[in-house]
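Hi,

Here is the structure I said I would pass on. Have a look at it first, and my notes on the side chains follow below.

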Amino acid sequence: MARRQVPEKLLTVLKDIGLTERESIWDCHGTPVVLHKALEKIASFKRITFSEPTIIHSDPKEKICILNVSGSIGDRSEWSIGEATPYNNKNAYPYAMAEERAKDRVILKLIDIAGDVYSEEEADDFKASRPDKPPNQEMKDITPKPDDGIEEYNKVIESTAPKKEEANNLEPIPDVEDENNTMEIFGQMSQELHQV
């Protein structure tokens, strides 16, 4: 199946919120699928407000939740159903999943791209087709590791720490007897630090 074109409206709003197509969308057998977190950011950016959901059917034992959600931008409103049942949800949190599905569908309707793009929460099949590494996590990991720079750190500490013979000649910190004395000592220490 040929890849469906991502609507320009979606690309524009993603750019407005600082996300790229690569970070937010992937192709599922020709259908563009957008991440839930990107849709949440779009809803916030567009100031979409949601009314309290109406529960249509709820059965916690059977892990079933079907609810109706309404949302609006200004005087325009849309509604949608979110459902999570054992046959369409492997997630252990059916209520949260039903809410996410309904909200995502409302967001897609309100930004006029429903039917052209789907939310990742629409079906477990979409999530199963998602690339192993989400697009926004393909970047090089630049998180410092615990041992990164430790040698340099130790060299700096060693070079600035007083030598043993110098340490023996340092004046002891005077006892703090009152608040005025504390402020005087603090002032002296600050001046000495600025000289270093």
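Helices (H or I, at least four residues) and strands (E, at least two) are DSSP runs, numbered from the N terminus. This is a predicted model, so local features need pLDDT of at least 70 and side-chain atom pairs pLDDT 80 or more, while totals for chains, interfaces and linings use all residues. Residues are numbered from 1 along each chain as its sequence is written, and side-chain values use heavy atoms, with hydrogens and water left out.

Salt bridges next (a side-chain nitrogen of Lys or Arg within 4 Å of a carboxyl oxygen of Asp or Glu): the whole structure has 5. One of them pairs K9 with D112 at 3.8 Å, N to O. K9 is in helix α1 (residues 8-16) and D112 in the loop between α4 (94-110) and β7 (118-119), so this pair ties together parts 103 residues apart in sequence. R76 and E78 form another, at 3.3 Å. In helix α4, E99 and K103 sit 4 residues apart, about one helical turn, and their closest N and O atoms are 3.0 Å apart. Salt bridges with shared partners link K9, R76, E78 and D112 into one network.

K103 also lies over the face of F50, 4.9 Å from the ring centre, and K109 does likewise with W79 at 5.4 Å (NZ of Lys or CZ of Arg within 6 Å of the ring centre and within 35 degrees of the ring normal).

Lastly, E83 belongs to strand β6 (residues 76-84). Its neighbours in contact (heavy atoms within 4.5 Å) include C65, N88 and R105.

Cheers

Technical notes:
Lists of a residue's contacts leave out its neighbours within four places in sequence.
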